[in-house]
Amino acid sequence: MNLAIKDIRHNLGRFIFTSIGIGMLLMIVMGMGGIYRGIIEDATLLIDDIGADIWIVQHDTRGPFAELSRIPQNISYRAQVIPGVASARTFVQHTIQRQYMGKQLRMSVVGLDWPIDKGGWIPLISGERLSQNHYQMIADKTLGLEYGETIKLGKNRYTVVGITSNMISSSGDGIGFFTVQDALNIQFDTSGESIRLERTSRGVRMGKSDLGLKQPALIEFSQQTSSFLPVLSSPSVSAVILKLLPGTNPKQVMSIIRGWDDVSAFTREGERQLLLTGSVEKVRKQIGLFRVLLTIISAIIMALILYTLTLDKIHSIALLKLIGASNWIILKLILQQAFILGISGFGIAYFLGLKIFPHFPRRVILSNDDLIQLGIIVLIISVISSLLGIIKALKVKPNEALN
Amino acid sequence: MKESPAIHVERLKQVYGSGNTEVIAMRHASMSIKYGEIVALLGPSGSGKSTFLTAIGLINPPTSGQITISNQLVLNGSKAMVNLRNFRKKHIGFVFQKSNLIPFLTARENVQITLEINGHSKKYAKNRALDLLSEMDLADRANNYPPMLSGGQQQRVAICRALANKPAVILADEPTAALDSHLGQHVMKLFRDIAHKYGTAVIVVTHDHRALDVFDTIYEMEDGIIKPGQIPQVI
């Protein structure tokens, strides 16, 4: 006869409410683990998915994710000729916050080097890749944009041609994928008045210079649109990413790039580590510590519940001892209840988590490894938290049944 | 009925505390009860009845004296000659003032658990529990939880539990205290029938003088000493 189940069956209502309470507590522990995992996944998503073996960034910076990086676009041409490089792409990322449809829209803008990169690596849930160099975007579904919708950013309107999911930046903003040119246009969008003032200022500076005084035609030339001026470089990009040919040793390519004094380079793993030990490090630690704290609190609460459940049965336990029950029978009664409570609480936590976590603003990822780890922790908590009750029960003397 | 006593206790003494705080709860308590004999132990509160019961119930060993049950020396002073828990579960049944049933088990399960603890198979335990409940006219209450039973029914379930393992001795502590006089008499007669039918030695500690005619022998206890008693004149 399983006394633990008999007791639970008899006090089913109380057990269900207790399990729900434990379950909600464990759901928070599970959720913290999921948020922790989500932050890491979001932070490393682009690095893992974009298919880059080496990242070339601004010299002496840890960009483009951990800090700002700006390098000339033409670095990609230089990198392309390194032996073993299959492709070199420019990469742009920056965050914007705009008013859209009466709401604040935060978006991480990522520029793809179209047509080398049309976004083929982006998992689409609807729509298609970028099919032209301008005015198209692929939007993460958390941005709330719909397929075919157009959005004005700067002076241009962009049509959503594809919807993706789970494409979140390390800061938790949904990603919008554009071509590099469009991403730069969004980043360096300047008002007409600013452009006019800049051109006038350029003309005044040229007029005051020796060159302008000797060749007055240059004053008018300097006031043209900046792309016509050979002395002004095109806008910088965040990084250049390299895809290596199969069998190429990244160290060899890295050693060549290290010889260049104007850029720094990192492998994929190096870039991951920069993120994990950099911008998300503190958040990661904070959530990790909070999770540990919650786990301890859960253990204490479970211990108190199990102790109370044992106290409620203390007379029955004395009676069982009087009629000859061994300590093992009593131990089993308490331990089995602890396990049943822990397992049902875990099940409720998982079920509630599946229903509730998708509504959280940031991703909460319940990975199998984390669930197994938490499951083992719950089992250990169940044993530890039942100790108080077990000690109390083992101290009960049979003659207490006579009182 | 076997000739040798089911239980024989000799010069039991129980001392609590020491020095200035020493209290002698029981002194030179001796008693010999045959199989099938039903014995009443009367006495005022604090006379040492419960101390005597817990000593012979192998719950609280005495300071000195000997207890022999089923021809086996079980306690020699405070020294256990056998594993007391194992011996208790095989040879002694208990019935209390309140029925003391386990609240989360049904009537049948309350009886069945005693047998399962004693190593009997679940099937045997279940059948035996049902048989005993039937004998006590409780077959239709087998699946009821204790709170759904009347006081008399609960006490009869407790008697079934005490009987389940066919013990040599049943110890009953004020078994009719929570019952009305009619039920009280009924329960006492039940004990007599059990003693005579199963050959079990039954010791009943009681204040209830209304049903003393069912007992084969009456003892009285006062200030920790047991002496032969008699049916009070009021009866």
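**Which residues in H3(B) meet which residues in H4(B)?**

**View 1. Two helices of chain B pack together in this predicted model.** Helix H3 (residues 107–117) and helix H4 (residues 122–135) of chain B pack at an angle of about 130 degrees. Their axes are 8 Å apart. That angle makes H3(B) oblique to H4(B). The crossing is right-handed. From H3(B) come Ala107(B), Arg108(B), Val111(B), Gln112(B), Leu115(B) and Glu116(B). They meet Lys122(B), Tyr124(B), Ala125(B), Lys126(B), Arg128(B), Ala129(B), Leu130(B), Leu132(B) and Leu133(B) in H4(B). The residues of this contact divide into nine nonpolar, one polar and five charged.

**View 2. Helices H2 and H12 of chain A cross.** Helix H2 spans residues 12–49 of chain A, and helix H12 spans residues 327–356. Their axes come within 7 Å and cross at roughly 60 degrees. H2(A) is therefore oblique to H12(A). The crossing is right-handed. On H2(A), the contact includes Thr18(A), Ile22(A), Gly23(A), Met27(A) and Gly31(A). On H12(A), it includes Leu341(A), Gly345(A), Phe346(A), Ala349(A) and Gly353(A). The contact of H2(A) with H12(A) has twelve nonpolar residues, seven polar and no charged.

**View 3. Chain A touches chain B.** Here 16 residues of chain A are in contact with 24 residues of chain B. Two helices of chain A, H1 (3–10) and H11 (314–322), each supply at least two residues of the side that touches chain B. That side of chain A has nine nonpolar, five polar and two charged residues.

**View 4. Six strands of chain B form an open sheet.** The order is S7-S8-S9-S3-S10-S11, with mixed pairing. Strand S7 (92–95) and strand S11 (225–228) of chain B stand at the edges. Each has a single partner strand, so one side of each is left without a neighbour in the sheet. Neighbouring strands of this sheet are turned by 20 degrees against each other on average, direction ignored. Now look at one pair inside the sheet. Strand S8 (residues 169–173) and strand S9 (residues 201–205) of chain B pair in the parallel sense over five bridges. Asp173(B) has Val205(B) in S9(B) as its bridge partner. Helix H1 (residues 49–56) of chain B packs on the sheet. H1(B) touches strand S3 (38–42), S8, S9 and strand S10 (217–222) of chain B. Its direction makes about 155 degrees with that of S8(B).

View 5. Strand S5 (residues 72–76) of chain B pairs with S6(B) over two bridges, in the antiparallel sense. Asn76(B) stands opposite Lys79(B) in S6(B). Look for His28(B) in strand S2 of chain B. His28(B) has a positive phi of about 50 degrees, although it is not a glycine.

View 6. Strand S2 (residues 85–100) and strand S3 (residues 103–112) of chain A pair in the antiparallel sense over nine bridges. Val92(A) stands opposite Gly111(A) in S3(A). Val110(A) has Phe177(A) in S8(A) as its bridge partner.

**View 7. Chain A divides into domains.** Domain 1 covers 3–43 + 281–402, domain 2 covers 72–188 + 236–261, and domain 3 covers 191–234. The C-alpha centres of domain 1 and domain 3 of chain A lie 73 Å apart.

Note on methods: Residues are numbered from 1 along each chain as its sequence is written. Chains are lettered from A and ligands numbered from 1 in the order in which they are written. This is a predicted model: local features need pLDDT of at least 70, side-chain atom pairs count only at pLDDT 80 or more; totals for chains, interfaces and linings use all residues. Two residues are in contact if their C-beta atoms, placed from the backbone, lie within 7 Å. Helices (H or I, at least four residues) and strands (E, at least two) are DSSP runs, numbered from the N terminus. Ala, Val, Leu, Ile, Met, Phe, Trp, Tyr, Cys and Pro count as nonpolar, Asp, Glu, Lys and Arg as charged, and the others, Gly among them, as polar. Domain bounds come from an automatic or database domain assignment. Two strands pair if DSSP finds at least two bridges between them. Axes are lines fitted to C-alpha atoms, for helices over the stretch in contact, and angles run from 0 to 180 degrees between N-to-C directions. Angles under 35 degrees count as roughly parallel, over 145 as roughly antiparallel, 65 to 115 as roughly perpendicular and the rest as oblique. A crossing is left-handed if the near helix is turned anticlockwise from the far one by less than a right angle, and right-handed if clockwise.
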